[in-house]
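Let's walk through this protein together, from the whole chain down to single side chains.

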Amino acid sequence: MRIVFLFLSLIVSTSTFAQTYQASDFTKENLFSENIEGPCFKNGILYVVNYKTNGTIGAVKQDGTTELFVTLPEGSIANAIQFDKKGHMLLADFKGHNILRVDMKSKTVSVFVHSESFNQPNDICINKKGQLFASDPNWKEGTGKLWRIEVDGSSVLLKENMGTTNGIALSPNENTLYVNESAQRKIWMFDVNAKGEVSNQTLFASFDDFGLDGMKCDLEGNLYVTRHGKGTVAIFSPKGEILHEVNMRGMKPSNLNPDYSMLTVLSALHN
């Protein structure tokens, strides 16, 4: 299997959505495992899950060069990365039923929250208060849960009996939470209040074919969705209208992350 990491350049106008898109390789091939996931920026460095082998985190510099950042404890494999207000790296560890925390200076890895009620934490997003929202699919049963993780590490079940919950994203004003169901090919939106409680589950978009994976919002509130198996990134307006669908070189885009300062999106893909 050929592993690639692609760079997707997206230019956004403040008044109209620009029509310029270009996808090209950002790193050399075969640097990540087939489970490449969770790209997230911190201080100009892009951190990516599963560098060369599962259970690792790689660091990608702005020139595309890469290096190993940290190896996770045996039995842990991350699937998503976020950073808290103190600068700690938070990881959804789907193998260990954990949210892990990494000290960026010492590279010490600790368990931030563990629950036997977790299926396999998949994707996470974080609000300005430091609350995490986590998707939690059960792929075998085709079901999923939605969790909120508080700053103190306590977990709150927000929703159960969903489909295979996967990609998750907050709108820029943090009033809307988007969650997709991969197998069911649906994207749901929830209202979010000041306490981080969700309500008013509404269907945002649905598809007839291919799977759904990672999602992120840009500063305009547009939602970027990876179409696993189709090899595209679909871009929705906040009203649910498809603005554009960008073709990738790989057919299985897994996740993405906007770098707002450059108005670009890095998308982790594998063929």
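A word on the ground rules comes before the tour. This is a predicted model, in which local features need pLDDT of at least 70 and side-chain atom pairs count only at pLDDT 80 or more, while totals for chains, interfaces and linings use all residues. Residues are numbered from 1 along each chain as its sequence is written, and side-chain values use heavy atoms, with hydrogens and water left out.

Start with the big picture. The protein chain has zero helices and 24 strands; here helices (H or I, at least four residues) and strands (E, at least two) are DSSP runs, numbered from the N terminus. Of its 271 residues, 56% count as buried, where buried means under 20% relative accessible area, exposed means over 50%, and partly exposed lies in between (1.4 Å probe, protein chains only). The chain exposes about 11,800 Å², and carbon and sulfur atoms supply 48% of that area; such accessible areas come from the Shrake-Rupley method with a 1.4 Å probe, and for residues only the protein chains shown count as cover. Now consider contacts, meaning heavy atoms within 4.5 Å. Among those between residues at least 6 apart in sequence, 41% join residues at least 24 apart.

Next, look inside. Rolling a probe the size of a water molecule over the atoms shows where empty space is left. On a 1 Å grid over the protein atoms alone, a cavity is a set of points where a 1.4 Å probe fits but cannot get out, and lining residues have an atom within 4 Å of a point. Grid points are joined across faces, edges and corners, and a volume is the space filled by probe spheres set on the points. This rule gives one cavity of 30 Å³ or more, and the largest cavity holds about 40 Å³ of space. Its lining consists of I99, F118, P121, A134, S135, D136, W147 and I149. Two or more of the lining residues come from each of β12 (132-138) and β13 (143-149), and β12 gives the most, with three residues. By class, the lining has six nonpolar, one polar and one charged residues; Ala, Val, Leu, Ile, Met, Phe, Trp, Tyr, Cys and Pro count as nonpolar, Asp, Glu, Lys and Arg as charged, and the others, Gly among them, as polar.

Now find strand β21 (residues 232-236), where T232 sits. T232 counts as buried because its relative accessibility is 2%. Leaving out residues up to four places away in sequence, T232 touches several residues, among them V225, R227, M248 and P253. Its side chain also makes a polar contact with the side chain of E245 (2.6 Å); a polar contact is a pair of N or O atoms within 3.5 Å, and within protein one must be able to donate a hydrogen and the other to accept it, with residues adjacent in sequence counting only if both atoms are side-chain atoms. V233 is also in β21, and at 1% relative accessibility V233 counts as buried.

Another threonine, T66, lies in strand β6 (residues 66-71). T66 counts as partly exposed because its relative accessibility is 22%. Its side chain makes a polar contact with the side chain of Y51 (3.2 Å).

Finish with E174, in the loop between β15 (165-170) and β16 (176-181). Although not a glycine, E174 has a positive phi of about 65 degrees.

Notes: 1 Å grid on protein atoms, 1.4 Å probe; cavity = no way out; pocket = protein on both sides within 12 Å on 5 of 7 lines; lining within 4 Å.
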